[in-house]
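This report walks through one structure, starting with its open spaces. Please keep the sequence and the model in view.

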Amino acid sequence: MQEAAEELASLESRTTGKPLKQGRSDAAALARYFEYYGGSADKLHGETLPYGTGMTVLTIREPHGVTGHIVPWNYPMQIFGRSVGAALAAGNACVVKPAEDACLSLLRVAELAAEVGLPEGALNIVTGLGHEAGSALAMHAGVDHISFTGSPVTGSRVAQAAAAHHCPVTLELGGKSPQVVFADADLDSAVPVLVSAIMQNAGQTCSAGSRLLVERAIYEEVLGRVGAAIRVLKVGPALEDLDLGPLIRRSQQQRVWDFLSQAQADGIAVAAQGEIVEHAPEGGFYQAPTLLRDVPPAHAIAQQEIFGPVLAAMPFDSEEQAIAMANGTPYGLVAGVWTRDGGRQMRLARRLNCGQVFINNYGAGGGIELPFGGVKSSGYGREKGFEALAGFTRLKTIAIRHG
Ligand code: NAD
């Protein structure tokens, strides 16, 4: 994968529309997942348990058998790496259904796997439409575990189909993740991260920091600085390697436009917008990065996953209110907190209802070693890190009476 990184990056960039530098970083992450999980394969073991005189009880971790992996279009290589890398290391055979919009990089990875001698049948890629190939995979009685990343609606369908044959499921369903900025924050460090956390991959990131909650005393200053950073962002063709490429497809562009029209109709002001380069091809799925201000916390813009380069800013007046707002959506995937107050850092880390909390940094897409996953409509189960290996195994308890 490392040797083929440039080819993989280019395939990913051309099929998803992401800038080449993002494709390169996704190719590097893919290789790193396999390095990380490859190293874990001989470190996965059970335990012995104390259980009375004359008894020895031990647990062993066995693979599920056949694992199904339904992969979305936003980060095909990264999402493949995190779930297939762990599943293979745990001893499963994998059947992967890539997204219909972007499957070429994964087909190339399958060729590479065959070239380096991965046992036949260990990795299988089945392309096709979600409601055909994806649905068939979720319903198949020969599949022993499903790992799904995508939208909440499809996630529920997959879980229902899998439930019919009592198949365990891991769901990673996106979010509406808050970045909470207190008045004592180091803004020089925070501002570039507040912007990249949402604008990376044109906002089409499940863990995007799409809500900006700012303590009122510094609200105007933060909006000014974040707005200035957004205004200089350039959007254009993927292979030109600008800050943002196009969105994945027409329907995704329309989805973003619908949210923005609703915002406009409801009087929500645009505080700043980036620029689509003049020579961008007519009819491309481009969307200028947009900062919206004073978004009412209950508005759809602040509640629903837009999956585009749109940051919703809103002020808060107290720590308690910030926590309530941060937790006040159907989602709970990631949160960012910016403050120098150590007590406050821990209070928020404990009370934010989500799977990952980043203090004075933000980890959209990063952290191969860090367990990742959501609560509420963001899904359940954990991927990444050693925690994922537990999910791709089933524990067997063996109790021996030997006197
Ligand atoms: P989706 O959930 O429909 O598709 C994700 C994957 O599921 C694709 O591989 C698709 O082919 C497959 N799929 C679709 N229908 C299926 C079915 N009935 N059974 C089994 N598999 C099926 O997502 P989408 O329509 O491409 O995007 C819609 C929205 O989902 C986006 O706007 C965004 O909000 C969200 N999304 C989230 C993530 C994420 O990383 N959490 C990724 C992609 C999309």
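Which residues lie nearest the centre of the second largest pocket? They are Met-1, Phe-34, Leu-112, Ala-113 and Val-116, out of 14 lining residues.

This is a predicted model, where local features need pLDDT of at least 70 and side-chain atom pairs count only at pLDDT 80 or more, while totals for chains, interfaces and linings use all residues. Residues are numbered from 1 along each chain as its sequence is written, and side-chain values use heavy atoms, with hydrogens and water left out.

**Pockets and cavities**

The search runs on a 1 Å grid over the protein atoms alone. A pocket is an open set of points with protein on both sides within 12 Å along at least five of seven lines. A cavity is a set of points where a 1.4 Å probe fits but cannot get out. Lining residues have an atom within 4 Å of a point. Points are joined across faces, edges and corners, and a volume is the space filled by probe spheres set on the points.

In the table, Ala, Val, Leu, Ile, Met, Phe, Trp, Tyr, Cys and Pro count as nonpolar, Asp, Glu, Lys and Arg as charged, and the others, Gly among them, as polar.

| Space | Volume | Lining by class |
|---|---|---|
| Largest pocket | about 840 Å³ | 16 nonpolar, 12 polar, eight charged residues |
| Second largest pocket | about 320 Å³ | 11 nonpolar, one polar, two charged residues |
| Second largest cavity | about 70 Å³ | six nonpolar, five polar, two charged residues |

The largest pocket has a volume of about 840 Å³. Its lining holds 36 residues, and Trp-73, Phe-148, Gly-150, Ser-151 and Thr-154 are the closest to the centre. Four elements each supply at least two lining residues: α5 (130-139), β6 (145-149), α6 (152-163) and α9 (250-265). Helices (H or I, at least four residues) and strands (E, at least two) are DSSP runs, numbered from the N terminus.

For the second largest pocket, α3 (76-89) and α4 (104-115) each give at least two lining residues. Helix α4 gives the most, with four.

Cavities of 30 Å³ or more number four. The second largest cavity is lined by 13 residues, with Gly-203, Ser-210, Glu-305, Ile-306 and Phe-307 closest to its centre.

**Two domains**

The chain divides into domain 1 (5-173 + 377-401) and domain 2 (178-367). These bounds come from an automatic or database domain assignment. The C-alpha centres of the two domains lie 29 Å apart. Where does the largest pocket lie? It lies between the domains, because both give residues to its lining.

**Helix α7**

Helix α7 (residues 187-199) has 13 residues. It reaches 18 Å from first C-alpha to last, close to the 18 Å expected at 1.5 Å a residue. That expected span is 1.5 Å times one less than the number of residues. Buried residues of α7 include Leu-187, Val-191, Leu-194 and Ile-198. Buried means under 20% relative accessible area, exposed over 50%, and partly exposed in between, with a 1.4 Å probe and protein chains only. The buried residues of α7 pack against several elements, among them β9 (211-215), α8 (219-231) and β14 (310-316).

**Lys-21**

Lys-21 lies in helix α2 (residues 20-40). Its relative accessibility is 41%, so Lys-21 counts as partly exposed. Leaving out residues up to four places away in sequence, Lys-21 touches Asp-241, Leu-242 and Asp-243. Lys-21 and Glu-240 are 219 residues apart along the chain, yet their C-alpha atoms are separated by 9.8 Å.

Technical notes:
Contact = heavy atoms within 4.5 Å.
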